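Subject: Structure handover

Hello,

Here is the structure I said I would pass on. Please open it beside this email; my notes follow below.

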Amino acid sequence: MKNLFEYFYKCSGVFTDTRNILKNGLFIALKGDNFNGNKYAEAAIENGALYAIVDEAKYANNTNTFLVKDSLLFLQSLANNHRKKLNIPIIGITGTNGKTTSKELINAVLETQLNVLATTGNLNNHIGVPLTLLDINKSHDIAIIEMGASKPGDIKELCEIAEPTHGTITNIGSAHMEGFKTFEGVYKTKMELFDFINKTNGIFTFNENDSVFDKLESTKDKAILMPFGKNNQPIGTITKCNPLLEFKWKENTVKSQLVGEYNLYNFLTAISLGELFEIKESNIIKSLKSYTPSNNRSQFSETKHNKLIIDCYNANPSSVSAAIQNISASEEENKVLILGDMLELGDQEKSEHEKVIRIAKEAKIKTYTVGQAFKSTPSDFVIQNFNTVEDSIAYFDEKPLRNSLILLKGSRGIALEKLIDKL
């Protein structure tokens, strides 16, 4: 298999989807429950790939299409082999909430002075991380690798592939409970990033205000700990959040384009790593002020009829609770919650959705819900429970919301972003 690694360096890059052919690229045929990439190896070559890797013998010709035992394992091993050739810092980032926002803020800060490669989109799993690593070339000064997890051992696997020199965990809360079963399972898996850093003399950045990290000092072995937020710089003080976050760091006031007090520590993470890599203070401030969120994460939008807080890319109990608390603190008079189901909660689905409704009721905010989980959690407090987002669109056609501050918060699968044009 190692001999085949050399073919990668003759190619323009790696791809796994023949719908997006990479000219002169290396095609690696992956398999899933509903697809078999081996079937497309020949088409990949015919349409411009230099070489292909397959794991079914009938598709190999040993000329430009080569057989391996497991194509996914080949991809991961190739990525690790490539990573070992790189003499640059690699920052691993994970967490229950905020890892993508933190990754983008860190990238915005570092790229003011460095050539950075950072995870794009949702390429943060056992396939996405290897593909990201294989995009790193000699021109890059540093890389930021986002690591997602849906079951125990996921972060350990990604660390063994990416071998990060630096690590940060945004926070740890209940999410993907179908795979983890318990909070302890989530905690152990997220901490696998710290475990790797701890045995490889790496640098670990963390929010010392979060009690989940209280035991790091006593468990530290070879890691260099870099806490921030309470007793160590950077320390930030929120000066305004209505709804956009404004905070002060040292003598600097940062008027951000992000919604929510909970984003303060994402900013401080970026500042901490910016200072570590000797980014000028003026560049740090300029990049944080100008960063604009995308992909329906912590976005604020003012339409003809309403003000919208759009945060519907992902949802779990801790992030929904924080979002409700944030809008509750707003000075706006007319506030509305449109909450979509929190997916992948397993046995905790019913109890966690009940908790969210209680939080909304305590906040005394008009509430609508979308999805079967909320539908199965009846409450006299909720104005309307919709089965689907399409049902909600029809409803708001008849009964439009006007002159309100509206929070759209739900898991990606609910697709609350379809409501944006209606509101």
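F15 is buried, with a relative accessible area of 6%. Before going further, please keep in mind that this is a predicted model. F27 is buried as well, because its relative accessible area is 1%, under the 20% limit. The rings of F15 and F27 form a tilted aromatic pair, with 5.3 Å between the centres and 45 degrees between the planes. F15 belongs to strand β1 (residues 14–15) and F27 to strand β2 (residues 26–28), so the pair ties together parts 12 residues apart in sequence.

Other aromatic residues

In total, the structure holds 17 aromatic pairs. Another of them joins F5 and F74: the ring centres are 5.5 Å apart and the planes stand at 55 degrees, so this pair is tilted. Here the link is between distant parts of the chain, 69 residues apart, with F5 in helix α1 (residues 2–8) and F74 in helix α3 (residues 71–84). F5 is buried at 4% relative accessible area, and F74 is buried at 0%.

Further along, F194, F204, F206 and F213 make up one aromatic cluster. With a relative accessibility of 42%, T219 is partly exposed. From T219 to N306 the C-alpha distance is 49 Å, and the two are 87 residues apart in sequence.

One ring has a charged residue over it: R297 lies over the face of Y313, 3.7 Å from the ring centre.

Helix α12 covers residues 281–290, and its buried residues are I284, I285, S287 and L288. Seen down the axis of α12, these buried residues fall within an arc of 165 degrees, so they line one face of the helix. S282 and K286, on the other side of α12, are exposed. Which elements cover the buried residues of α12? They include α4 (99–110), β12 (244–249), β13 and α11 (264–276).

Helix α13 (residues 317–328) has 12 residues. From its first C-alpha to its last, α13 reaches 16 Å, close to the 16 Å expected at 1.5 Å a residue. The buried residues of α13 are P317, S319, V320, S321, A323, I324, N326 and I327. Their cover includes the strands β11 (236–241), β13 (252–259), β15 (307–311), β16 (335–340) and β19 (405–409), together with helix α14 (349–363).

A serine in β13

S256 lies in strand β13. Is S256 buried or exposed? At 3% relative accessibility, S256 counts as buried. A polar atom of the S256 side chain lies 2.7 Å from the backbone oxygen of L245. Setting aside neighbours within four places in sequence, S256 is in contact with L244, L245 and F267.

Backbone points to look at

Most residues other than glycine have a negative phi, and most peptide bonds are trans.

- The peptide bond from Q233 to P234 is cis, with omega near 0 degrees; P234 sits in the loop between β10 (224–228) and β11.
- N242 and P243 are joined by a cis peptide bond with omega about -5 degrees, and P243 is in the loop between β11 and β12.
- N62 has a positive phi, near 60 degrees. N62 is in the loop between β3 (51–54) and β4 (65–67), and at 59% relative accessibility N62 is exposed.
- E278 has a positive phi, near 60 degrees. E278 is in the loop between α11 and α12, and E278 is exposed, at 65% relative accessibility.

That is the set of notes for now.

Regards

Methods
Residues are numbered from 1 along each chain as its sequence is written. This is a predicted model: local features need pLDDT of at least 70, side-chain atom pairs count only at pLDDT 80 or more; totals for chains, interfaces and linings use all residues. Side-chain values use heavy atoms; hydrogens and water are left out. Rings of Phe, Tyr and Trp (its six-membered ring) pair if their centres lie within 6.5 Å; planes under 30 degrees apart count as stacked, over 60 as edge-to-face and the rest as tilted. Helices (H or I, at least four residues) and strands (E, at least two) are DSSP runs, numbered from the N terminus. Buried means under 20% relative accessible area, exposed over 50%, partly exposed in between (1.4 Å probe, protein chains only). A charge sits over a ring if NZ of Lys or CZ of Arg is within 6 Å of the ring centre and within 35 degrees of the ring normal. The expected span of a helix is 1.5 Å times one less than its number of residues. Contact means heavy atoms within 4.5 Å. A polar contact is a pair of N or O atoms within 3.5 Å; within protein, one must be able to donate a hydrogen and the other to accept it, and residues adjacent in sequence count only if both atoms are side-chain atoms. The arc is that of the directions from the helix axis to the C-beta atoms.
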